Amino acid sequence: NVAISLDNMTIKISELIQKYTDEVKKEAIDELDKTADEILDYIKTNAPRGKSNTHLADSFVKTEIGSGVNKVIYISSKTKSRLVHLIELGFKHRSGRHVAAKPFLRPAYDKFTPEMLEEIKRIISGG
């Protein structure tokens, strides 16, 4: 009779651990999605705008690859990727004139990524 109750207890503990794991995964993935959206909004708000109708800020998109704990999200410029690093880091023009950096990507990641990591740590430790 003791063996049966130990077996039942083991099954119940396994079920509780599985439920906890599923909840933690879902909350961590939700936090990743939320952070990616915040970064994208920041980039779209802070990317330099030129005089044309096709602004760099409007070219950024969020792309998701995979799912669950294997999900990767990256943010990139769909149409102006060849210009982004020049604006972000600055460059020396062919004429010799220095064009100053106008960072908008790094500040977005620096602002939101640490908050996301802390929130995921909280999710894991708090369940």
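Colleague: In which helix does Met9 lie, and is Met9 buried or exposed, or something in between?

Modeller: In this predicted model, Met9 lies in helix α1, and with a relative accessible area of 46% Met9 is partly exposed, because the exposed class begins over 50% and the buried class is under 20%.

Colleague: Which residues form a nonpolar patch on the surface?

Modeller: The patch on the surface is formed by Met9 together with Leu6, Ile13 and Ile17, and these residues have about 370 Å² of accessible area together.

Colleague: How many aromatic pairs does the structure hold, and how is a pair of aromatic rings described?

Modeller: A pair of aromatic rings is described by two values, the distance of the centres and the angle of the planes. The structure holds 2 aromatic pairs. In one of them, the ring centres of Tyr42 and Phe112 are 6.1 Å apart and the planes stand at 75°, so this pair counts as edge-to-face, since angles over 60 degrees fall in that class. Tyr42 belongs to helix α1 (residues 2–46) and Phe112 to helix α3 (residues 105–126), so that the pair links distant parts of the chain, 70 residues apart.

Colleague: Are Tyr42 and Phe112 buried or exposed?

Modeller: Tyr42 is partly exposed, with a relative accessible area of 22%, whereas Phe112, at 10%, is buried.

Colleague: What kind of aromatic pair do Phe60 and Phe104 form, and where do these residues lie?

Modeller: Phe60 and Phe104 form an edge-to-face pair, with 5.7 Å centre to centre and 80° between the planes. This pair also links distant parts of the chain, 44 residues apart, with Phe60 in strand β1 (residues 60–65) and Phe104 in the loop between β4 (98–99) and α3. Both Phe60 and Phe104 are buried.

Note on methods. Residues are numbered from 1 along each chain as its sequence is written. This is a predicted model: local features need pLDDT of at least 70, side-chain atom pairs count only at pLDDT 80 or more; totals for chains, interfaces and linings use all residues. Side-chain values use heavy atoms; hydrogens and water are left out. Rings of Phe, Tyr and Trp (its six-membered ring) pair if their centres lie within 6.5 Å; planes under 30 degrees apart count as stacked, over 60 as edge-to-face and the rest as tilted. Helices (H or I, at least four residues) and strands (E, at least two) are DSSP runs, numbered from the N terminus. Buried means under 20% relative accessible area, exposed over 50%, partly exposed in between (1.4 Å probe, protein chains only). Patches are made of residues with over 30% relative accessible area and no salt bridge: like charges are joined within 9 Å, nonpolar side chains (Val, Leu, Ile, Met, Phe, Trp, Tyr) within 5 Å. Accessible areas come from the Shrake-Rupley method with a 1.4 Å probe; for residues, only the protein chains shown count as cover. A salt bridge is a side-chain nitrogen of Lys or Arg within 4 Å of a carboxyl oxygen of Asp or Glu.
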